[in-house]
Amino acid sequence: MPDTKRYQTSTMTKMHNTRASLETMPDEILLQILNYALILPRGIHFNRWHALKELRLHPVRCIKVLSRISPEAFYGTNVVTIGPSNFGSRRMEERRSGAPDRLYIQYPPTAVNHWVRRLEIALKVEDFSYRYPPSRNECQTTWQISWLKRLAAGHCGFLQLVRLSLRFDMWPNSKDDGDFWDAMAKWPGKLRENGVDATPGSMIIFRAPTVEIVVVGHRCTSEPCSTASEDSKACLYVRVLGRFFGTRH
Ligand SMILES: [Zn+2]
């Protein structure tokens, strides 16, 4: 047998053996292997979600025996970050008519998002509604509060979360952090305006055992908080906003 032919035959035998051994493995073992293979150090961010699906999930999904359990590994093993965006919200005809961009939140469909265990929502704090007004006649903060209520009511899926993080981040290109803190100061009032308060009957109650508030990267993990003084504003807002959100567990 010529060398190339022998090589092809041995490679095909190896592939056949690999497939055969994969087919005999129990789902739990396959899932553990896939969990390792699909770990993304920076998680699944909504800006990169489509690219990550193409590059990481689809090649694994094409292997018949792995196709069924690969979404569980992909969404279950990684932190998923979603948030309001205006990117690509306008259709071409809307663009031509000069209609403004709209804010919307893109997230994995409910058919797969029940695998997500750790969800982060990167909220928009500084007001960009002069540039990207929400679809209805609402301010940007009110629009986000309504979306959080829909999530809490289970209308967006994400029914098996272990941890939900509400992130209040400064706009990356912000030149003046005063704008950010001015906008943060409006959140408690906006929440009350929208019927959300710090009393048990009027809090937004999420379906996750752990709900955390993260303000510019600060989370109060210790009690009392061992934060440095320059983080004290962030610490204050973690505590103030934390009173408006609860957990069902
Ligand atoms: Zn703190």
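Where does phenylalanine 158 lie? Keep that in mind while you get set up: what you have open is a predicted model.

**Stop one: phenylalanine 158.** Select this residue and look at what comes before and after. Phenylalanine 158 lies in the loop between helix H8 (140-152) and strand S6 (163-169). Now check the backbone: its phi is near 50 degrees, which is a positive value in a residue other than glycine. Is phenylalanine 158 buried or exposed? It counts as buried, because it has 25 C-beta neighbours inside 10 Å and the cut-off for buried is 20 or more.

**Stop two: valine 216.** Next, jump to the loop between strand S8 (210-215) and helix H10 (232-242), where you'll find valine 216. Here's another positive phi, about 35 degrees, in a residue that is not a glycine. The surroundings of valine 216 hold 18 C-beta neighbours inside 10 Å, so this residue counts as partly exposed.

**Stop three: phenylalanine 74.** With 28 other C-beta atoms within 10 Å, phenylalanine 74 is buried. Which residues is it in contact with, once you leave aside its neighbours within four places in sequence? Show Leu38, Arg56 and Leu57: those are the contacts of phenylalanine 74. To finish, draw a distance line between the C-alpha atoms of phenylalanine 74 and leucine 57. These two residues sit 17 residues apart along the chain, and their C-alpha atoms are separated by 6.8 Å.

Methods: Residues are numbered from 1 along each chain as its sequence is written. This is a predicted model: local features need pLDDT of at least 70, side-chain atom pairs count only at pLDDT 80 or more; totals for chains, interfaces and linings use all residues. A residue is buried if 20 or more other C-beta atoms lie within 10 Å of its own, exposed if 12 or fewer, and partly exposed in between; C-beta atoms are placed from the backbone. Two residues are in contact if their C-beta atoms, placed from the backbone, lie within 7 Å. Helices (H or I, at least four residues) and strands (E, at least two) are DSSP runs, numbered from the N terminus.
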